[in-house]
Every structure is written in structure tokens, then in C-alpha cells.
Amino acid sequence: MPRAVTPETWGRSTVRTACPLDCPDSCTLDVTVEKGRVVKIDGGATNPVTRNYICAKVRRFGERLYGEDRLLYPAIRQGPKGQGVFTRVTWDEALDQIARRMAAIRDTTGAEAILPFCYGGSNGLLSQDTNDARLFRAIGASRLARTVCAAPTGAANQALYGKMPGATYADYVHARLIVLWGVNPSASGIHLVPYVREAQKAGATLVVIDPRSTALARQADLHLAPRPGTDLPIALALHRFLFEGGYADERFLDAHTRGVAGLRARASEWTIERAAETAGIDPVDLTRFAQLYSGTSPALIRCGWGLERNRNGGSAAAAVLALPAVAGKFGVRGGGFSMSNSGALGIKAAAWMNDTPEPATRLVNMNLLGRALLEFRDPPVEMLFVYNCNPLATMPDQNRVLEGLKREDLFTVVYEQVFTDTARYADVLLPATTFLENYDIAKAYGPISLQLVRPVVEPFGEARPNAEVFSELASRLDLGEAELETDTLFRIAGRLPPHVSSELLETGSVTPPFDGAPVQFVDVFPLTPDRKVDLFPEALDEGAPAGLYGFQPDPGTDRFPLALISPASEKTITSTLGELRQRAAVLQMNPADAAARGLASDDPVRVFNDLGEVQCPVALNKDIRPGTVSLPKGLWRKSTYNGSTSNALVPDTLTDLGGGACFNDARVQVALLGRH
Ligand code: SF4
């Protein structure tokens, strides 16, 4: 039935698009536009997984679009770095200046002195690894290892399963046991929550493993709250329980795996008691978990990214992912594991980038940005080109990153939507479009989906899309031709399988294989060379400092005994939308830890270690385990009293596998501000 026309709705139109931000769900969106302005962002009803609701974060995206922090024009720095004073220039002036500087660096120091720096701020397929990569490859810039998230879990999944697609949200209702391990879908990936609740209503048992008592943990049948960094012993104790108790599925192991002896040997050291003591949990609870997992089918583990962000993160992910193989949980709907499904459609940037091969130039791990800026020689970093990313807010060892950005001899370009912490240190600022103003292709990594992102309004101010700006720069350097973003869109779509491309461009979304819900070991199998699960990949064993499944002890000391974690929040998507956060961030602390330090709720505190100090209020919260404190992920510097965030306390050490960031290895002390 057509909707009634009222004075409130007349003159409005609704545009169907999709959310490409760095979130597993990739919602279909209905965006209401009036007189060329976005007035409402809501969920699109046609998506069977995200249905017709979205998170509160993106509902507010209009405040970013039209907010006072929005970058509207190209600008160049005036005065000292970091003062934040810029003068408006034309796009031609800005691009000429950048191109001249790139050419000069290439012709003097060498192009490896140029470091492109990007991550998932605009996570669509057009905004990254297209014309940007062509430019930086063609000029021979340093390459960036984008390892800040999902590198350890990705390395483990690749080595064990060849990144076999995982169970998707719809199949959770078929599980009898659900394990949410190091993941809080109430904060990120919200569309999983109703499926978990539906499964619980149907009688499924829920186990949550998280140092905090999250909303889902409070509703779980069993909540394990381990000390951060100890998921590995817990998983290995489960393996030992399965092997020693005769619960391992020997038939499945014989037919579908290799390397089981190596896993079994490493797990043999971890009794329930030893693992429980190491993790600081009750051995009775760990035994119950082992019994539940061995005795319930279908059993589904959601392996999150919380468990990877520490020195043992890669081995922990491998051990968790190995559990369904050892326990025989595959081959049934609602069983197995789910992690990232980003590879499930088999669509990789290599399909459209193979005409510009990647050069063998210097590879820089993004988690070492501070060191790269301050310590790298031969050549030093002379140009930092930041886009889709706010590294001053998101990278480890924030104070070192800050020192690097202050270098007077560093030429920094920041191509951004809003005036971020990093943008303040730019030499040249370029205004970027948001996903409501440009085309893109959104690929989910929770559900399996591919959707067209359509511009719903004209770019605000003089913002331009990535595809156009990078091709324009390439053209100025005689390294390629300038393209409209629609040219790039059609070129990339032309490299997708024909049925995918036509469906995407004609209907805006692609029908996923297996109705979007493949069953592991029925519909999909390991993408390893022999289609078997490799439970002890040699390359991982050689690469990990303590060997694969080797535990590295807690980095805490008497001076800095508290484990600081920085989990995803309901307010930002990593640091995206951090500009909208008005109130000071609050350190969450268990009342017992606070009492030991003479602290009361709302006290201003110093959170500190040898790397830095964060000043903020404290909240007493029994939902966080003793010995662990928490600050939100992705904070901007204005969110604390002294302009430092949790990343100022995070070492730039790397995870055992994949070169990931060890955000949860920060060990700190907390004291009343003013008391030393
Ligand atoms: S951030 Fe996630 S939940 Fe929010 S609109 Fe985007 S895809 Fe949906």
C-alpha cells in the first residue's frame, strides 16, 4: 500500500544504500534525503540478516557529515606542526604541491621514503586497494603491512583452514551450545545478538569468555573472565581434556586433519588446574566448560578479535579454531566456528590490481609507525600519506607516534572526512567524501554479502572520493590517467565474476552462495592444498617466538600489575565518530582494585606506565575482573584530561603470529591524580 503523503514526508526521498564501515554486518541502509541533505539514516528492510535496524553509531552519521569538524576544503599548514592552523587552497594547488613533493623525494632519497598509511576508515572495496595502490605501487613507495587488527586471527585461520568460510549469523539458532570467545556483539556486530537470544530461547546454552561481564555475559549460562592474554591456556586445556578424556573425534581427525600429534603434545602440558590458575579463573568453571563443549552438539564458537590482541594472540586463535576439528563439531548446521567471512565470496583486490604488480619495496608494519617515523633510516620516512585512518588515535605507543608526527622534516598529507587528531599534524589536508557521498562496494565479514554503496547526496563542501584523488595524483606524476569514480567502479566491477558484477550493478546486492549460510564440511571445506585442516602448521611453529601454542607469560610487574584493555564501544567504530564524543572517557575498575588504591567513583586518576600517562575519571565497576582495567577503544585525544589515550600505554610489541598489535598487553598502575 502506498504511504500517505503528509506535509512531513512530502519532498523527501529515500535512497537504498549500504554501510561499508569497519563492522562485520554491512547493513543495508535507507537514507532519507530532503533538499539535498541527509535527514535520517535507517535500516533497509530487504536485508535478511541486518533486517531493518542499524546501530546508534551510524544513525548519527549525519552529525559527522554536517558537523563542525568536517573538512570542507583542501588546506595547507600555517605555523608550527600540531597547532592546527591551516589556510584554504584550491584542489589544484594542494595536489600540485603533493605531486611535486612526491616527485622530489623519488628523485632524491628514493620513493621508499614515501609511506602510505591507511586502514579501514572507509572499508569499501573502492576506497582502498584501487587507485591508491596503483599510485603507490607505480611510484615505488614503501608498502604497509595492515596488521592493526585481524592479522593474528587471519594468520591462524589461513594456516589451519585456508580461510574456510565460517558459520553465519542465521545458523546460530541451530546451535545447542554457543561460545562467544573474545567478542562483544552488543558493541560491534550487533545483528548477531538477536540470533543468540533466539537460540537461547530455544534452549541453547551460552558460554561467554571475556574479562568483563558484558550484557551477554550476564545472560550466559557460564561466564569465564580470564586475565587478558590467557585464552591460549584455556583452549589448550580444552584440547587436553578432549584428548585425554576420549572425547576427540578420531575418525574426523584421521580423515580431515594433519598435525594432530603436534597439537596434542603442546596441549598435554595444560591441565585444567594449571590453565585455570594461569587465567585466574575457577577450575570448576573451566571443567564445566570442557564438559559442555565435549558433550553438546551442534556447538558453535564465535572466535572474536579480543583474544588476538596480546603476545599469545595468534596461538590462542589457532587453538580456539582447532577445537571444532578435535571435538568433531563440523558437518552439522549450527556447528563449527565463525570468524571473519571476508574471503567467503572469493573476491580479492588482486583481481583488479594485477595490472600494477606490487613492487618488492620496504614493508612497514603499521603497528611500528612511531619507530618508522623516528628511527627508520635508509631511507628515513620523508612523506607520510594518511587516508582512511587516524593513526594518532589508533596505533600503539601513541607518544612515539606523536613525536614522529611533530618532525619538521616530515611532509604529512592527511586525506580525511573530519579534523582528526592526526589531521592536526598535517602539512596538507585534503577533504574526503563519506560513504553517503560516494560510490563504493561494501563487503560484509560476519554475514556473507556484497552490496553497492550509492551516493545519496552531493559531496559537502569540496570533498572528493578516493578513487578520483589518487588517480588525479597519478596523472600529475605521469603514472596513470585521471578517472571519475564511476570509471573506477565499472573497471573493478568488470574484474568480478560476470554474474556477481551484473547483479551488483543492476540490483545493488549479490545473492550469496549457499543462501548465505554454508555448513562447514558439508558445503565448504578447508582451502588448504590438500583440503585438510592443518592443526600444526610448521610455518606458524617456526614463526612464533615460543613456538606454535607456546605460552608467553604475563608482562605485568610489581610496578605495573594491572592489565589495561581497550575494547570496542557502542559509541565509535574504532576511532570513527570519535569527534562526536562529548564527555570524558572513564576508566573502568573493579571496586577491590580501587579500594586497594584508596579510589572512589568519579575520582580523577592517573593511569600510567613507563610509556605514558592517561588522566581521566575512574568508575568502580564490579563487571570487570579484578586486576584488569578498561578504557574504550578508538578514543580521540580530547576524550581525556591530558590528551593521551589508552594507546599511550600500549607497547609496540607484536603478537606471536601475524605481526599484530598487543593492545591488551598494556600493564599499568593507577593512582589518584595529584598523588604520586
Ligand atoms: S556500523 Fe555495523 S551495525 Fe552500524 S550501520 Fe554499519 S554495518 Fe550496520
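1. Strand β24 (residues 613–620) is mostly covered, since 6 of its 8 residues are buried, where buried means under 20% relative accessible area with a 1.4 Å probe and protein chains only; strands are DSSP runs (E, at least two residues) and helices likewise (H or I, at least four), numbered from the N terminus. This is a predicted model, in which local features need pLDDT of at least 70 and side-chain atom pairs count only at pLDDT 80 or more, while totals for chains, interfaces and linings use all residues. Residues are numbered from 1 along each chain as its sequence is written, and side-chain values use heavy atoms, with hydrogens and water left out.

2. On pairing (DSSP finds at least two bridges between the strands), β22 (residues 587–589) runs parallel to β24 and is joined to it by 3 bridges, with Met589 opposite Leu620. Strand β23 (residues 604–608) runs antiparallel to β24 through 5 bridges, Pro604 stands opposite Pro617, and a hairpin of 4 residues joins β23 to β24.

3. Thr640 lies in the loop between β25 (628–630) and β26 (666–672) and is buried, at 7% relative accessibility. Leaving aside residues up to four places away in sequence, Thr640 touches Val614, Gln615 and Leu635, contact meaning heavy atoms within 4.5 Å. A polar atom of the Thr640 side chain lies 3.2 Å from the backbone nitrogen of Gly643.

4. Ser213, in the loop between β9 (205–209) and α7 (215–218), is also buried, with a relative accessible area of 16%. With residues up to four places away in sequence not counted, Ser213 touches Arg218, His223 and Asp623.

Notes
Buried < 20%, exposed > 50% of the residue type's maximum accessible area, 1.4 Å probe, protein only. Polar contact = N/O pair within 3.5 Å; in protein donor to acceptor, adjacent residues only side chain to side chain.
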